[in-house]
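Please read this short briefing beside the sequence and the 3D view.

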Amino acid sequence: MTLRVFQIIACLLLPLAAFAVVALSVPARANEVTEFRLKAAFIYNFIALTEWPNDDSSKLQLCIVGGNPFGDEIAKLNGRMAGTHAIVVEQKLATESIKACNAAYIVPAATDNLPALLESVKGRPVLLIGDTPGGPRSGVALNLVVVQDRVGFEVNLPAARDARLTLNSKLLRVATKVYP
């Protein structure tokens, strides 16, 4: 074939190839899992794999303390069952009491208030979930981390024990780090 024939074929196929690339890339972007969708899934699993003392309530209150970085993702947990408990999601200001919460996610912007929050729930069965570097050393039981674009978590066993919570061994096996 001559060069002219190749040019004509290329001119005809190029728009088709470009369309195929765009068409194939759209579903990939639509299926992308956002960081906060993953974090919401982690929080659900934290709740599902934690045992509270006096576990006789049909509802389990999850408090989001200090704002909502999740968008609609955390709202999808509202009403979802974790064992025999329906999760109830509630937004709290960083300065509000979390004594009535069974689990509390502390937004990174609210970590300045973490010592007061820890003191307010001392000895109470509240699963504190952090999302900051050094979270376990600050006193949260579970801390979300992002390492090399992957979401993981650390476990502070003494903090969980102090809150009289039992973490399922499945949770401990997949943690990036467990503080004994």
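Cys63 has 0% relative accessibility and therefore counts as buried (under 20% relative accessible area; exposed is over 50%, partly exposed in between, with a 1.4 Å probe and protein chains only). The model is predicted: local features need pLDDT of at least 70, side-chain atom pairs count only at pLDDT 80 or more, and totals for chains, interfaces and linings use all residues. Residues are numbered from 1 along each chain as its sequence is written, and side-chain values use heavy atoms, with hydrogens and water left out.

**The disulfide**
- The structure holds 1 disulfide, a term for a pair of cysteine sulfur atoms within 2.5 Å.
- Cys63 and Cys101 form this disulfide, with their sulfur atoms 1.9 Å apart.
- The pair links distant parts of the chain, 38 residues apart: Cys63 is in strand 2 (residues 59-65), and Cys101 is in the loop between strand 4 (85-92) and strand 5 (103-106).
- The torsion about the S-S bond of Cys63 and Cys101 is about -90 degrees, so the disulfide is left-handed.
- Cys101 counts as buried because its relative accessibility is 3%.

- Strands (E, at least two residues) are DSSP runs, numbered from the N terminus.
- Strand 2 is mostly covered, with 6 of its 7 residues buried.
- Two strands pair if DSSP finds at least two bridges between them.
- Strand 2 pairs with strand 4 in the parallel sense over 7 bridges, and Leu62 stands opposite Val89 in strand 4.
- Strand 2 and strand 5 run parallel, joined by 4 bridges, and Cys63 stands opposite Ala104 in strand 5.
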